[in-house]
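Please open the structure in your viewer and keep the selection panel at hand. Each stop below says what to select and what is to be found there.

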Amino acid sequence: LDVSRLDGTGQLELVASRMDLVPLARRVVAEYRPLATSKHRLRLAAHVRSLIGCWDEQRLERVLANLVSNAVKYSPNGGHLTVQLRRERDAGRGWAVIAVSDSGVGIPSDQIEQVFDRFQRGDNVRHRIAGTGIGLAYVRQIVLLHGGTLAVDSHPGQGSTFTVRLPLQPRSV
């Protein structure tokens, strides 16, 4: 539905409220743990007790679920999957950081930017692993709407780390 809204109007309205990312991450990891095979080791590494900010909880849950499900899907031989939560300070602002890492197939370096475009996927997975190429486009849009950033560090055959940074305090208008 959100993707359809973006196609139609280019706009999504966030329903932001005060929330904690730590229990949200626990919930998503617990939900995806049974879906991972016995070869996967999915763990949460929360370096903080809480990460409270003003965000759209429902949409951030979908963001995290998409990143975790991709980590499982694009690690067909299993391996370590980690969801890391931490707090950072940069340019006088506090940031909540969510990093989802896998030891999967990775993304070819010349295709990293295109995987954030709708219906685009890496050539190394296009005919091997099912997918639509919508998920990462959605993830980026939601993160940007929150005033955050999305980055990826990936190496073919070694895996990927997707890092979401969300402002702890919204910018003043």
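**Before starting**

This is a predicted model, in which local features need pLDDT of at least 70 and side-chain atom pairs count only at pLDDT 80 or more, while totals for chains, interfaces and linings use all residues. Residues are numbered from 1 along each chain as its sequence is written, and side-chain values use heavy atoms, with hydrogens and water left out.

**Stop 1: the whole chain**

Display the chain as a cartoon. Its secondary structure comes to four helices and seven strands. Helices (H or I, at least four residues) and strands (E, at least two) are DSSP runs, numbered from the N terminus. Read from that end, the elements run α-β-α-β-β-α-β-β-α-β-β. Of the 173 residues, 48% are buried; buried means under 20% relative accessible area, exposed over 50%, and partly exposed in between (1.4 Å probe, protein chains only). A contact means heavy atoms within 4.5 Å. Among contacts between residues at least 6 apart in sequence, 69% join residues at least 24 apart.

**Stop 2: the sheet**

Two strands pair if DSSP finds at least two bridges between them. Strands of a sheet pair through backbone hydrogen bonds, either parallel or antiparallel.

- Strand 2 and strand 4 pair in the parallel sense over seven bridges; alanine 46 stands opposite leucine 85 in strand 4.
- Strand 4 and strand 5 are antiparallel, over nine bridges; here leucine 85 stands opposite isoleucine 98 in strand 5.
- Strand 5 and strand 7 are antiparallel over seven bridges, and alanine 96 stands opposite leucine 166 in strand 7.
- Strand 6 and strand 7 are also antiparallel, over seven bridges; alanine 151 has threonine 163 in strand 7 as its bridge partner.

Color strand 7 by accessibility: eight of its nine residues are buried.

**Stop 3: the turns**

Select alanine 91, in the loop between strand 4 and strand 5. Is alanine 91 buried or exposed? Alanine 91 is exposed, because its relative accessible area is 75%. Most residues other than glycine have a negative phi. Alanine 91, although not a glycine, has a positive phi of about 55°. The hairpin to which it belongs has two residues between the strands.

Next, select glycine 157. This residue lies in the turn of the hairpin of strand 6 and strand 7, which has three residues between the strands, and has a positive phi of about 80°. Glycine 147, which follows helix 4, likewise has a positive phi, near 80°.

**Stop 4**

Select helix 2, residues 21-32.

Within helix 2, select valine 28. Valine 28 counts as buried because its relative accessibility is 1%. Which residues does valine 28 touch, not counting those up to four places away in sequence? They are Glu61, Leu64, Ala65 and Val68. The C-alpha atoms of valine 28 and glutamate 61, 33 residues apart along the chain, are separated by 7.2 Å.

**Stop 4: the core**

Show side chains for the largest nonpolar core, which has 43 residues; Leu21, Ile98 and Leu166 have the most contacts inside it. Such a core is a set of buried Ala, Val, Leu, Ile, Met, Phe, Trp, Tyr and Cys residues joined through side-chain atoms within 4.5 Å. Helix 3 gives the largest share, eight residues. Center on leucine 166: its contacts beyond four places in sequence include Leu21, Trp55, Ile98 and Val143.

**Stop 5: tryptophan 95**

Finally, select tryptophan 95 with arginine 93 and arginine 165. The charged end of arginine 93 sits over the ring of tryptophan 95, 5.0 Å from its centre. The charged end of arginine 165 also sits over this ring, 4.6 Å from its centre. A charge sits over a ring if NZ of Lys or CZ of Arg is within 6 Å of the ring centre and within 35 degrees of the ring normal.
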